[in-house]
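Please read the report below alongside the sequence and the three-dimensional view. It begins with a pair of charged side chains and then widens to the rest of the chain.

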Amino acid sequence: AAAVSSAATADPAVALLDAAAADRRALTPLELCYAPFEVYTERRKISQCVLRRLLIEQTKLAFNAKVEALAGAKRKEVERVREKDVRVAEICAELGQPSLAHAPGFSEAEEPERQLAVSDEEITARRWESAADRAKREAAEKAAADRAAANDSDDAARRALREMMHGTLERKRDDDLAEELVRPQWMVDKSAEEMTPDELAAVKDFEARAKKLEEEREKVRKGLQAELQKLRAETADVCKSFNARLAALATHRLDVEQAVFEQELTVIKLAQSQARARAHAQRHREMAAELERLAHRRAETVQAKASFEAHVARARDAYERAEAENRQRGNERNFRTRDFADAPEFVDVLLRLFRRREMVTVRTDVVAAGDEDADGDGGAPGQGGGGAGGDLFAAASAAGVSAGGI
């Protein structure tokens with residue numbers, strides 16, 4: 001029991017499950033994945049493919065969430081830069097310089113939904129209005145005009161303020177600086193010797209005011225230049241900070257793509273392994289079927305071979321019998337025409353005896369020796385029975401030997 005307990009504790013899978021249970025959390029797909037050398041059964045390969053695909057999806061979703069967060073941060077930064085650009089445009093206008101506004105925005109790739117949106121500026125045709133809508137719009141315009149006329153007729157102070165001070169009681173200091181001091185004509189026409197002491201004092205006061213105005217203008221210009229430089233530096237810092245975050249996300253994207261490609265490669269390899277296993281199993285079944293077919297064909301071939309051998313044996317026997325009959329016919333023909341042509345009265349009797357003979361195998365060398373003995377004893381006329389009978393028996397014996405034996 002102690003050995004079993006220690007083995008279970010040493011198992012990393014069991015330890016992982018115990019740790020997850022202790023933390024009261026579910027295992028992630030990465031924790032559920034098997035080690036590469038543990039994926040050897042078909043079920044493990046299938047579950048590994050499913051877990052790897054789930055891991056790929058979670059990795060992509062996590063990266064997309066970071067992209068969305070960065071897109072939201074860009075919107076905020078763009079709003080900040082636009083606020084600064086408004087002030088930059090005002091300062092450039094006061095300094096008489098071309099606008100140095102950054103004018104950031106979003107491209108169509110960042111906001112693809114803009115392809116389906118239609119702005120009012122893109123519509124050049126007049127909007128169609130029904131009779132009811134037109135009557136409603138005209139009534140609203142008439143009511144607004146009536147309220148404006150009533151306000152103008154009743155509020156003399158507002159009308160006077162608009163006519164004299166352009167609708168505001170505040171007078172900007174910049175307006176005072178923008179005003180030009182006009183030198184009176186008498187200061188131009190008279191020389192210093194011709195001026196009275198009061199006129200000289202007026203000239204001195206004018207020059208002092210002109211010098212003070214110029215100093216104030218220079219001070220304001222320097223302040224605007226400093227503010228412009230500060231705004232541009234802040235805009236550059238905002239852009240630099242965002243570009244650094246964007247570069248970090250781009251580098252992280254490479255890492256994410258590498259991880260995704262590794263998981264996809266693992267899924268592909270597992271799918272190929274399953275395909276090879278199925279192909280091997282199919283090939284095994286095909287080869288087993290082919291082996292069974294060949295074994296059945298071999299049994300049929302053995303049976304056909306045995307049948308053919310029996311047929312060949314019968315054909316050989318028939319051939320040998322036919323050959324023997326051919327030899328017999330040839331011997332009978334020779335028996336009549338050649339062997340006993342000089343004794344036709346005994347041919348029929350001898351032929352019947354010849355046909356009733358027993359066939360024996362005679363060796364060629366024995367036949368040759370018998371022929372030599374017959375040639376050596378042929379001169380004794382009375383040895384074979386004497387007279388014509390002995391000659392006939394010798395001729396019949398020679399014919400029988402030449403035909404294959406008697």
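R87 forms a salt bridge with E90, their closest N and O atoms lying 3.1 Å apart, where a salt bridge is a side-chain nitrogen of Lys or Arg within 4 Å of a carboxyl oxygen of Asp or Glu. Both residues belong to helix α4 and are three residues apart, about one turn of the helix; helices here are DSSP runs (H or I, at least four residues), numbered from the N terminus. R87 is partly exposed at 25% relative accessibility, and E90 is likewise partly exposed at 40%. Salt bridges that share partners join R87, E90 and E227 into one network.

This is a predicted model, in which local features need pLDDT of at least 70 and side-chain atom pairs count only at pLDDT 80 or more, while totals for chains, interfaces and linings use all residues. Residues are numbered from 1 along each chain as its sequence is written, and side-chain values use heavy atoms, with hydrogens and water left out.

The whole structure holds 13 salt bridges, including those tabulated here.

| Pair | Closest N to O distance |
|---|---|
| R87 and E90 | 3.1 Å |
| R137 and E129 | 3.0 Å |

K74 lies in helix α4 and E110 in the loop between α4 and α5, so this pair ties together parts that are 36 residues apart in sequence. K74 is buried at 15% relative accessibility, whereas E110 is partly exposed at 41%; buried means under 20% relative accessible area, exposed over 50%, and partly exposed in between, with a 1.4 Å probe and protein chains only.

Helix α4 itself spans residues 42-95, and its 54 residues reach 78 Å from first to last C-alpha, close to the 80 Å expected at 1.5 Å a residue, the expected span being 1.5 Å times one less than the number of residues. Just after α4, G96 takes a positive phi of about 75 degrees. P104, in the loop between α4 and α5, is buried with a relative accessible area of 18%, and touches V78, V81, R82 and D85, not counting residues up to four places away in sequence; contact means heavy atoms within 4.5 Å.

K45, also in helix α4, is buried yet has no salt bridge, the nearest side chain of opposite charge, E42, being 5.0 Å away.

Overall, the protein chain has twelve helices and zero strands, and buried residues make up 17% of its 406 residues.

Note on methods: Helix = DSSP H or I, 4+ residues; strand = E, 2+ residues; numbered from the N terminus. Lys, Arg positive; Asp, Glu negative; His and termini not counted.
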